[in-house]
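Please have the sequence and the model open while I talk.

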Amino acid sequence: MIAMQHLRIVPLVAMLLGVGLPLAHLAGQAPSPAQDSLAITVDPPTRYWPAEVDFDPAVPTPAEVVGFEIGQRHLTHAQLVHYLQVLAEQSDRVAIETYATSHGKRPLLLLTITSPSNRKRLEEIRQQHRKLARPSVSSQVDISDLPAVINMGYGVHGDEPSATNCAPLVAHYLAAAQGEEIEKMLDDCVILLDPSLNPDGFNRFANWTNAFRGRVPNPDSQHAEHNQNWPPGRVNYYWFDLNRDWLPAEHPESRGRLRNYHRWKPNVVLDFHEMGTNSTYFFQPGIPERTNPLTPMENVDLTRQFADYHARALDRRGSLYYTQERFDDFYMGKGSTYPDLHGAVGILFEQASSRGHVQENVNGLLRFHETIANQFTTSLSSLRATVDLRESLHEFKRSFYREALEKAGRDKVKTFIFSSPGNRTRLQNFAETLLRHDIRCYWPEESFAVGDRAYDPRWTLVVPAAQAEYRFIRSLLMRRKSFKENVFYDVSSWTLPLAYDLEQFGSPEKVDVTGMRPAKLFDRAAQAFEPDPSARFYLVDWRDDAAVQLVSQLLKKGVNVKVALQPFSVTEEDASQSYPAGTLLLPLGIQADKRSTIEDVLSQGAARGNIISPVASGLTSSGIDFGSSNFVTLPQPKIAMPVAGGVSPYGAGEIWHLLDTRVSMPVSMLKPDRLETTDLDGYTTLLFPAGRYNKLSSERWQAIREWVGDGGTVVAVGKSGPSVAEAIQGDWATDLDPETEDGAVDAKSVQLPFDSKAKTRALQLISGAIFNTRVDLTHPLMFGKTRKTLPVFRNHTSVLQPSDNPYCNPMMYDTEKPHLAGYCSEENLGKLKSTAAAVVYPIGQGRVVVIADNPNFRAFWHGTSRVFLNAIYFGHTMNP
């Protein structure tokens with residue numbers, strides 16, 4: 001029986017050992033000469049494989065369920081799910097649950113793997129871990145026999161396939177392996193295995209690469225198998241990088257992941273990735289100087305101790321690897337950095353990618369199954385380290401949260417207060433983001449004052465500083481502008497209140513929250529609305545973010561909706577109410593047949609937070625009357641947007657996600673050939689995300705110009721915005737890219753250190769910083785705003801010169817102090833001052849709206865995304 005058992009798993013073991021068996025051999029067939037020519041046979045590194053490991057024959061291998069060995073083809077997501085469900089049915093060590101559903105309706109699974117005895121007390125273990133994160137009770141937790149919790153996350157980027165394809169092998173090992181080491185692992189750990197963090201992207205890539213995989217694997221890097229289509233598998237359904245979504249938590253995958261994270265508060269989080277084909281293998285620590293300043297040194301020390309385990313394991317395999325280069329731990333919204341500010345140790349792994357099944361690289365041939373074997377190796381080395389460091393990890397978590405509370409006690413700010421006048425929805429979205437990070441916040445039930453400042457409970461959120469997640473609160477609010485190291489792998493700033501365009505105040509005294517209502521997820525403050533038989537008009541407050549979806553629904557039903565271009569006041573029952581420009585007007589008399597439809601939509605809108613006012617007369621007490629030409633009818637937007645080709649999938653995805661999920665507005669996505677030929681007359685608005693449009697013919701640009709002249713609106717955003725405007729009308733852009741004549745290198749320098757080139761260039765980049773702009777509140781692009789400043793996120797160095805027409809510059813960079821947070825060189829900062837952040841260029845009856853920065857960055861820049869939506873809804877009102 002034992003002999004048959006070992007015989008049954010020889011191909012699987014051989015792959016995990018790193019034996020370079022030909023793929024046909026792994027499937028139990030004799031390799032052909034052509035296939036054998038692509039094989040490299042190496043001696044198995046026996047020191048890597050745990051000694052005397054047997055397997056439970058009742059637990060099926062992946063090959064027995066899906067029909068091929070892991071690494072022979074790329075698993076689809078459905079195959080992965082099916083195998084893991086079968087595995088959980090056959091093993092008393094494994095429980096499986098669906099913790100979320102992707103945008104593409106694919107399940108996200110979590111396997112909880114531990115010993116049968118631990119499974120019987122799983123809830124008790126979880127509660128003990130939660131207690132370690134509560135300073136008031138953490139000292140009561142006995143850590144001497146408390147299992148560590150390790151979260152193993154695979155494949156947040158779907159086109160990094162060795163990660164997710166490794167997951168079923170790790171799951172099988174943990175479910176079926178027998179022996180002293182595995183028994184200790186299961187007794188000392190609760191393993192939360194997340195096999196596919198990005199199901200939609202993973203499946204997209206698997207379908208692509210499998211479609212071009214012949215019987216004879218092709219290692220040519222130019223082969224289609226290694227060069228995927230647009231959008232790449234890296235991104236999710238809406239083309240977002242989910243590894244940057246740990247902070248904003250805008251997607252169901254991330255929200256489910258965070259829910260699990262804070263349900264357990266794990267000790268260790270593993271994050272498996274791939275990088276360029278000509279690389280080797282990376283594991284943390286990363287570049288020491290780029291560690292987040294709020295990360296404790298104990299975290300760094302533990303990460304280094306884990307690194308010793310990885311190095312020994314990879315040395316036994318004979319794999320090349322490196323540490324402390326290229327990757328960093330600064331942006332805390334990534335999978336490997338987020339845990340560092342939550343009392344855990346996050347570890348990033350990066351494997352050189354074969355992309356397809358075998359590809360040439362600088363070291364010879366890189367095989368898919370070999371990349372999987374490296375990921376399996378560090379999965380096991382991480383488990384060994386977790387077992388050995390278990391008590392140290394527990395003590396670190398306990399001290400992390402205890403010290404966080406002590407730091408909060410020393411902070412001059414005792415209470416953080418956030419305000420968003422007129423926009424309760426914005427504040428509720430902000431509160432929900434805090435709650436997803438386990439941060440407590442409160443809604444005042446009545447007005448209160450701190451010093452000489454009074455706070456209206458309708459527009460105020462209160463966050464006490466003295467709570468366990470104080471460090472993370474501080475990170476979310478950080479406005480650092482100077483750094484020990486000025487080169488960043490990702491963004492250098494992410495200040496959440498600035499992204500939401502909130503007013504932030506710090507109280508030096510504790511605000512009493514005992515009479516306030518704790519904020520909860522999905523606890524929206526519905527507004528009162530009852531259809532009024534005497535009303536001849538309804539007014540909708542455009543300041544609230546909920547209004548953008550409401551107007552979309554009204555327009556879809558053919559309702560006549562008007563926007564006020566000037567402010568006015570209405571007196572009803574001796575009470576006067578002022579309304580700003582941007583207020584929406586629904587006249588009932590001219591569309592009496594739609595009254596019930598209008599009131600049904602308004603009732604639903606009020607439940608989502610829209611502020612709606614009935615009015616009996618079109619005669620106002622001051623300002624424009626309701627029959628004035630300064631109330632302009634809104635057309636129903638019909639949107640077209642270029643995709644594919646040189647278009648950034650991130651930028652296009654951010655727009656698609658915004659319009660589709662928040663506004664309920666369809667967008668027609670045009671591939672390059674369609675963009676060249678489609679008749680634009682049926683569209684009101686043409687959106688240009690960041691990208692390269694140099695392949696569009698001059699004749700087509702002329703046709704777009706004529707369409708704009710006839711009344712169309714072009715909205716172009718980001719670095720490519722000025723070039724789009726230039727192609728349509730003229731030259732307004734100045735490019736400060738360091739590789740142009742305005743580069744970073746002084747022309748007088750005849751000799752510079754060769755190894756400083758990359759860093760010199762990086763220092764001249766703006767790779768993610770926040771700046772302040774001055775806005776014209778009377779301009780339709782700014783309707784709904786109440787303050788004369790607006791923070792913007794910038795990740796490029798191009799600047800937009802203001803228009804010669806002073807009425808067409810609704811958004812300008814601040815001349816005095818434009819820099820709010822993040823890294824920006826003095827040279828770039830000087831060139832940015834007094835330039836435009838948005839310009840409207842009238843052409844005939846239409847216009848080109850250029851927004852210099854990305855207003856929809858990662859879907860959490862709610863302040864600037866309203867500017868983008870204003871350009872769509874109110875573009876036809878913007879010609880001076």
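Predicted model: local features only at pLDDT ≥ 70, side-chain atom pairs only at ≥ 80, totals over all residues.

Helix H19, residues 547-556, packs against helix H20, residues 595-607, at an angle of about 160°, and their axes are 10 Å apart. Helices here are DSSP runs of H or I of at least four residues, and strands are runs of E of at least two, numbered from the N terminus. The axes are lines fitted to C-alpha atoms, for helices over the stretch in contact, and the angles run from 0 to 180 degrees between N-to-C directions. H19 and H20 are therefore roughly antiparallel to each other, a label for angles over 145 degrees, while under 35 counts as roughly parallel, 65 to 115 as roughly perpendicular and the rest as oblique. The crossing of H19 with H20 is right-handed; right-handed means that the near helix is turned clockwise from the far one by less than a right angle, and left-handed that it is turned anticlockwise.

Which residues of H19 and H20 meet? From H19 they are Leu-550, Gln-553 and Leu-554, and from H20 they are Ile-598, Val-601, Leu-602 and Gly-605, where contact means heavy atoms within 4.5 Å. These residues divide into five nonpolar, two polar and no charged, with Ala, Val, Leu, Ile, Met, Phe, Trp, Tyr, Cys and Pro counted as nonpolar, Asp, Glu, Lys and Arg as charged, and the others, Gly among them, as polar.

Residues are numbered from 1 along each chain as its sequence is written, and side-chain values use heavy atoms, with hydrogens and water left out.

Our other pair is helix H13, residues 297-317, with helix H15, residues 390-410, which pack at an angle of about 160° with axes 11 Å apart. That angle makes H13 roughly antiparallel to H15, but the crossing of H13 and H15 is left-handed. H13 contributes Glu-298, Asn-299, Leu-302 and Phe-306 to the contact, and H15 contributes Ser-392, Leu-393, Phe-396 and Glu-403; this set divides into four nonpolar, two polar and two charged.

Turning to the chain as a whole, its secondary structure comes to 27 helices and 40 strands, and buried residues make up 61% of its 880 residues. Buried means under 20% relative accessible area, exposed means over 50%, and partly exposed lies in between, with a 1.4 Å probe and protein chains only.

The largest nonpolar core has 102 residues, and Leu-659, Ile-704 and Val-714 have the most contacts inside it; such a core is a set of buried Ala, Val, Leu, Ile, Met, Phe, Trp, Tyr and Cys residues joined through side-chain atoms within 4.5 Å. A second, separate core has 65 residues, including Ile-70 and Phe-368.

Finally, some backbone details: most residues other than glycine have a negative phi, and most peptide bonds are trans. Arg-858, however, has a positive phi near 50°, and this arginine lies in the loop between strand S40 and helix H27 and is buried, at 15% relative accessible area. The peptide bond joining Trp-230 and Pro-231 is cis, with omega about -5°, and Pro-231 sits in the loop between helices H11 and H12.
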